[in-house]
Amino acid sequence: MISANDLSPAELAALLHFHADAGVEWLLEEEAIDRFAEFEAMKAARRPAAAQAQQQHPAAGERPLPSQAPPRRNAATRPAPAERAASGPQPAIPDGEAVQQARFVAETARSLVELKTAIEAFSSCNLKHSARSTIFASGDAESGIMVIGSAPSAEDDREGMPFSGKSGQLFDKMLAAIGLKRSAILLTQVIPWRPPGNRAPSAAEMDICRPFIERQIALAEPKAILLLGNFSARFFFGENDTIHGLRGRWKEIAAADCVIPAIASLHPQDLLTAPVNKRLAWNDLLAFQAKLKSLSLLRN
């Protein structure tokens with residue numbers, strides 16, 4: 001076992017991030033716990049149950065006494081399928097009915113505030129039950145400028161806001177480079193809840209989240225949209241190419257009665273992983289800046 005004293009500050013930080021992404025929230029208990037004594041107590045508690053099970057289910061070759069013979073169960077005494085289903089918790093996997101419910105909830109919201117409240121109360125998506133936070137649009141809805149990321153990261157889920165941590169710090173620098181700041185734009189993500197382990201959302205999860213993000217766009221009525229990340233670009237463009245094939249080209253996306261020009265670029269996390277791609281993102285940012293200036297959304 002490696003002692004923490006043998007690790008550098010950078011290695012300790014990486015280890016802490018690893019544990020946080022794995023779901024570890026507390027490294028130490030408030031009081032010391034004797035795990036060996038706890039394990040022995042658990043074994044002792046199991047012994048009576050094991051002895052009782054041995055009496056009820058003798059070993060092979062031993063015929064139970066008549067008084068021990070278990071009663072036969074016919075079809076009439078078997079639990080019904082509904083009873084068996086109710087015996088344990090069932091995962092809230094999105095289905096067609098849940099998708100219809102999401103559409104109804106989104107369409108009836110008349111403002112971003114109402115939509116935020118509705119999404120926070122929505123419980124028919126399994127992603128919500130494994131996430132800590134519901135990530136909703138933040139910033140200036142009247143700016144006409146919208147930036148949409150993919151899905152919350154572990155840092156986003158902990159902080160309760162999109163683009164947190166190192167990725168968020170780089171994102172702020174990217175905005176500043178073209179004369180913007182996050183408080184002056186509307187910032188949101190396609191998926192409002194972090195998928196466990198940062199996995200890609202399933203098709204059913206995308207279907208149930210689509211009404212929410214499309215309603216955010218329809219209510220905000222942005223004049224231009226910047227999509228960040230492979231998932232976000234594929235989601236709106238309906239193509240299966242990588243972000244390198246989807247980035248840097250203006251396309252139109254529709255939400256309700258709105259048709260908005262949108263351009264895709266690399267996600268800040270992609271740039272942290274492969275800094276060589278920063279030059280590509282810079283070209284996309286310049287194209288986005290030029291569009292904002294042409295729409296009088298950004299001062300020269």
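Trainee: In which strand is the place of Lys251?
Mentor: Lys251 is in strand S5, residues 251–255. Strands here are DSSP runs of E with at least two residues, helices are runs of H or I with at least four, and both are numbered from the N terminus. Keep in mind that this is a predicted model, where local features need pLDDT of at least 70, side-chain atom pairs count only at pLDDT 80 or more, and totals for chains, interfaces and linings use all residues. Residues are numbered from 1 along each chain as its sequence is written, and side-chain values use heavy atoms, with hydrogens and water left out.

Trainee: Why is Lys251 called buried?
Mentor: Buried means under 20% relative accessible area, exposed means over 50%, and partly exposed lies in between (1.4 Å probe, protein chains only). Lys251 has 18% relative accessibility, so Lys251 counts as buried.

Trainee: What makes the pair Lys251 and Glu239 a polar contact?
Mentor: A polar contact is a pair of N or O atoms within 3.5 Å; within protein, one must be able to donate a hydrogen and the other to accept it, and residues adjacent in sequence count only if both atoms are side-chain atoms. The side chains of Lys251 and Glu239 are joined at 2.3 Å. Counting contact as heavy atoms within 4.5 Å, and leaving out residues up to four places away in sequence, Lys251 touches Phe237, Glu239, Leu246, Ile260, Pro261 and Ala262.

Trainee: Is Asn126 buried or exposed, and how do you know?
Mentor: Asn126 counts as buried because its relative accessibility is 17%. Asn126 sits in helix H6, residues 126–130, and its side chain makes a polar contact of 2.9 Å with the side chain of Glu205.

Trainee: What is the relative accessible area of Leu187, and what is Leu187 called on that basis?
Mentor: The value for Leu187 is 1%, so Leu187 is buried. Leu187 belongs to strand S3, residues 186–189. Beyond four places in sequence, Leu187 is in contact with Phe136, Ala137, Ser138, Val147, Pro162, Phe163, Phe171 and Arg182. Leu187 and Phe136 are 51 residues apart in sequence, with 8.4 Å from C-alpha to C-alpha.

Trainee: Why are H9 and H10 described as they are, given axes that cross at roughly 85°?
Mentor: Angles under 35 degrees count as roughly parallel, over 145 as roughly antiparallel, 65 to 115 as roughly perpendicular, and the rest as oblique. The axes are lines fitted to C-alpha atoms, for helices over the stretch in contact, and angles run from 0 to 180 degrees between N-to-C directions. Helix H9 (residues 203–220) and helix H10 (residues 230–237) cross at roughly 85°, with axes that come within 12 Å, so H9 and H10 are roughly perpendicular to each other. Met206, Arg210, Ile213 and Ile217 in H9 meet Phe231, Phe235 and Phe236 in H10.

Trainee: How do you know what to call the arrangement of H4 and H9?
Mentor: The axes of H4 (residues 96–108) and H9 cross at roughly 10° and come within 8 Å, therefore H4 and H9 are roughly parallel to each other. Among the residues making the contact are Ala98, Val99 and Ala102 of H4 and Asp207, Ile208 and Pro211 of H9.

Trainee: What average pLDDT does the protein chain have?
Mentor: The average is 82, and 70% of the residues score at least 70; pLDDT is the predictor's confidence in each residue, from 0 to 100. Over residues 73–91 the pLDDT is below 50.
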